[in-house]
Amino acid sequence: MWFPVASARQATTTASVPRTWRQWLTDVAVSAVVIGVSLAGSYAAASWQPHRHMVNLVGYLLVTTGGASLIVRRRYPVVVLAVTLVAAELAPVGNAYLNWLPLIVAFFAAVRARRRAAAITSLVI
(Lines give C-alpha, C1' and ligand atoms only; values in the text may rest on other atoms or scores of the structure.)
Protein backbone atom coordinates (compact mmCIF):
# COMPACT_ATOMS: atom_id res chain seq x y z
CA MET A 1 0.00 0.00 0.00
CA TRP A 2 1.29 3.48 -0.86
CA PHE A 3 1.10 6.36 1.65
CA PRO A 4 1.63 9.78 0.07
CA VAL A 5 1.89 11.47 3.47
CA ALA A 6 5.01 9.53 4.43
CA SER A 7 6.70 10.20 1.10
CA ALA A 8 5.84 13.90 1.38
CA ARG A 9 7.53 14.00 4.78
CA GLN A 10 10.62 12.33 3.39
CA ALA A 11 10.74 14.77 0.50
CA THR A 12 10.60 17.81 2.76
CA THR A 13 13.10 16.33 5.21
CA THR A 14 15.69 15.51 2.59
CA ALA A 15 15.09 18.74 0.70
CA SER A 16 15.72 20.90 3.76
CA VAL A 17 19.20 19.53 4.46
CA PRO A 18 20.88 20.70 1.22
CA ARG A 19 19.13 24.05 1.51
CA THR A 20 20.68 24.63 4.92
CA TRP A 21 24.14 23.77 3.59
CA ARG A 22 23.50 25.95 0.56
CA GLN A 23 22.54 28.88 2.79
CA TRP A 24 25.62 28.33 4.94
CA LEU A 25 27.89 28.21 1.90
CA THR A 26 26.23 31.33 0.53
CA ASP A 27 26.81 33.13 3.83
CA VAL A 28 30.47 32.10 3.85
CA ALA A 29 30.88 33.21 0.23
CA VAL A 30 29.22 36.59 0.87
CA SER A 31 31.40 37.08 3.92
CA ALA A 32 34.56 36.20 1.99
CA VAL A 33 33.69 38.57 -0.86
CA VAL A 34 32.87 41.40 1.55
CA ILE A 35 36.13 40.86 3.45
CA GLY A 36 38.13 40.72 0.23
CA VAL A 37 36.58 43.84 -1.27
CA SER A 38 36.87 45.75 2.01
CA LEU A 39 40.51 44.82 2.58
CA ALA A 40 41.50 45.47 -1.03
CA GLY A 41 39.62 48.77 -1.09
CA SER A 42 41.16 49.92 2.17
CA TYR A 43 44.65 49.07 0.96
CA ALA A 44 44.05 50.71 -2.43
CA ALA A 45 42.61 53.87 -0.88
CA ALA A 46 45.59 54.17 1.43
CA SER A 47 48.21 53.53 -1.23
CA TRP A 48 46.74 55.58 -4.09
CA GLN A 49 46.05 58.75 -2.15
CA PRO A 50 49.13 60.55 -0.85
CA HIS A 51 47.54 62.16 2.22
CA ARG A 52 46.22 58.88 3.69
CA HIS A 53 48.10 56.64 6.07
CA MET A 54 48.56 52.94 5.42
CA VAL A 55 46.15 50.52 7.04
CA ASN A 56 47.60 49.00 10.20
CA LEU A 57 46.93 45.69 11.92
CA VAL A 58 44.02 47.07 13.93
CA GLY A 59 42.30 48.24 10.74
CA TYR A 60 42.73 44.87 9.07
CA LEU A 61 41.41 43.06 12.15
CA LEU A 62 38.36 45.33 12.44
CA VAL A 63 37.44 44.96 8.77
CA THR A 64 37.94 41.19 8.98
CA THR A 65 35.89 40.95 12.18
CA GLY A 66 33.01 42.89 10.66
CA GLY A 67 33.06 40.77 7.53
CA ALA A 68 33.46 37.46 9.34
CA SER A 69 30.46 38.18 11.53
CA LEU A 70 28.31 38.13 8.40
CA ILE A 71 28.52 34.33 8.37
CA VAL A 72 25.87 34.15 11.11
CA ARG A 73 23.75 37.05 9.87
CA ARG A 74 20.67 34.88 9.24
CA ARG A 75 20.60 33.45 12.76
CA TYR A 76 21.67 36.53 14.75
CA PRO A 77 20.92 39.62 12.64
CA VAL A 78 20.91 42.12 15.52
CA VAL A 79 24.19 40.88 17.00
CA VAL A 80 25.83 40.94 13.57
CA LEU A 81 24.52 44.46 13.01
CA ALA A 82 25.97 45.55 16.36
CA VAL A 83 29.35 43.92 15.67
CA THR A 84 29.64 45.45 12.21
CA LEU A 85 28.53 48.84 13.53
CA VAL A 86 31.21 48.81 16.24
CA ALA A 87 33.82 47.61 13.74
CA ALA A 88 32.83 50.34 11.27
CA GLU A 89 32.95 53.03 13.96
CA LEU A 90 36.37 51.89 15.19
CA ALA A 91 37.90 51.23 11.76
CA PRO A 92 39.25 54.78 11.29
CA VAL A 93 41.47 54.10 14.32
CA GLY A 94 43.21 51.47 12.20
CA ASN A 95 43.11 53.67 9.06
CA ALA A 96 40.67 51.30 7.31
CA TYR A 97 38.83 53.34 4.72
CA LEU A 98 36.35 50.88 3.21
CA ASN A 99 34.76 49.87 6.49
CA TRP A 100 31.09 50.37 5.62
CA LEU A 101 30.50 47.42 3.28
CA PRO A 102 29.95 44.80 6.04
CA LEU A 103 27.66 47.27 7.80
CA ILE A 104 25.48 47.66 4.70
CA VAL A 105 25.12 43.89 4.32
CA ALA A 106 24.29 43.51 8.03
CA PHE A 107 21.77 46.36 7.83
CA PHE A 108 19.85 44.71 5.01
CA ALA A 109 20.03 41.33 6.77
CA ALA A 110 18.43 42.90 9.85
CA VAL A 111 15.71 44.51 7.75
CA ARG A 112 14.98 41.23 5.97
CA ALA A 113 14.79 39.46 9.35
CA ARG A 114 12.15 42.02 10.43
CA ARG A 115 14.42 43.56 13.05
CA ARG A 116 13.63 47.04 11.82
CA ALA A 117 13.98 48.74 15.20
CA ALA A 118 17.60 47.61 15.41
CA ALA A 119 18.21 48.72 11.83
CA ILE A 120 16.73 52.17 12.47
CA THR A 121 18.76 52.47 15.68
CA SER A 122 21.92 51.68 13.74
CA LEU A 123 21.07 54.53 11.35
CA VAL A 124 20.74 56.95 14.25
CA ILE A 125 24.08 55.93 15.73
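## Overall make-up

The accessible surface of the chain comes to about 8300 Å², and 70% of that surface belongs to carbon and sulfur atoms. The model described here is a predicted one, and every value in this report has been computed from it. Of the 125 residues in the chain, 31% are buried.

The chain holds five helices and zero strands, so that, read from the N terminus on, its elements run α-α-α-α-α. Among the contacts in the chain with a separation of 6 or more, 67% are accounted for by residues 24 or more positions apart.

## Helices α2 and α3

Helix α2, which covers residues 57-68, packs with α3 at an angle of about 160 degrees, and the two axes are 8 Å apart. Angles over 145 degrees count as roughly antiparallel, and α2 and α3 are therefore roughly antiparallel to each other. Their crossing is left-handed.

On the α2 side of this contact stand Leu-62, Thr-65 and Gly-66, which meet Val-83, Thr-84, Ala-87 and Leu-90 in α3. Sorted by class, the residues of the contact of α2 with α3 divide into four nonpolar, three polar and no charged.

## Helices α3 and α4

Helix α3 (residues 77-90) also packs with helix α4 (residues 101-112), here at an angle of about 155 degrees and with the axes 9 Å apart. That angle makes α3 roughly antiparallel to α4, and α3 passes α4 in a left-handed crossing.

The contact is formed from the α3 side by Pro-77, Val-80, Leu-81, Thr-84, Leu-85 and Ala-88, and these residues meet Pro-102, Leu-103, Ala-106, Phe-107, Ala-109 and Ala-110 in α4. Eleven of the residues in the contact of α3 with α4 are nonpolar and one is polar, while none is charged.

## Helices α3 and α5

A further partner of α3 is helix α5, made up of residues 116-124, and this pair packs at an angle of about 10 degrees with axes 10 Å apart. Since angles under 35 degrees count as roughly parallel, α3 and α5 are roughly parallel to each other.

Val-78, Leu-81 and Leu-85 in α3 meet Ala-118, Ala-119 and Ser-122 in α5. In terms of class, the contact of α3 with α5 has five nonpolar residues, one polar residue and no charged residues.

## Val-105 in helix α4

Val-105 has its place in helix α4, and with a relative accessible area of 21% it is partly exposed, given that buried means under 20%. When residues up to four places away in sequence are not counted, Val-105 touches Val-30, Val-34, Leu-70 and Arg-73.

Val-105 can also be placed relative to Gly-67, which is 38 residues apart from it along the chain: the C-alpha atoms of Val-105 and Gly-67 are separated by 9.1 Å.

## Residues in the loops

Asn-56 is found in the loop between α1, which spans residues 4-48, and α2. At 30% relative accessibility, Asn-56 counts as partly exposed. Leaving aside neighbours within four places in sequence, Asn-56 is in contact with Val-93, Gly-94 and Asn-95. Asn-56 and Gly-94 are 38 residues apart in sequence, yet their C-alpha atoms are 5.4 Å apart in space.

Asn-95, one of the residues that Asn-56 contacts, lies in the loop between α3 and α4. Asn-95 is buried, with a relative accessible area of 18%. Its phi is near 60 degrees, a positive value in a residue other than glycine. Most residues other than glycine have a negative phi. Arg-114 likewise has a positive phi, of about 65 degrees, although it is not a glycine. Arg-114 is found in the loop between α4 and α5, and it is exposed, with a relative accessible area of 65%.

Methods: Residues numbered from 1 in each chain as written. Predicted model: local features only at pLDDT ≥ 70, side-chain atom pairs only at ≥ 80, totals over all residues. Heavy atoms only, no water. Axes fitted to C-alpha atoms, helices over the stretch in contact; angles between N-to-C directions. Helix = DSSP H or I, 4+ residues; strand = E, 2+ residues; numbered from the N terminus. Parallel < 35°, antiparallel > 145°, perpendicular 65-115°, else oblique. Left-handed = near helix turned anticlockwise from the far one by under 90°. Contact = heavy atoms within 4.5 Å. Nonpolar A, V, L, I, M, F, W, Y, C, P; charged D, E, K, R; others polar. Buried < 20%, exposed > 50% of the residue type's maximum accessible area, 1.4 Å probe, protein only. Areas by Shrake-Rupley, 256 points an atom, 1.4 Å probe, with all protein chains shown as cover.
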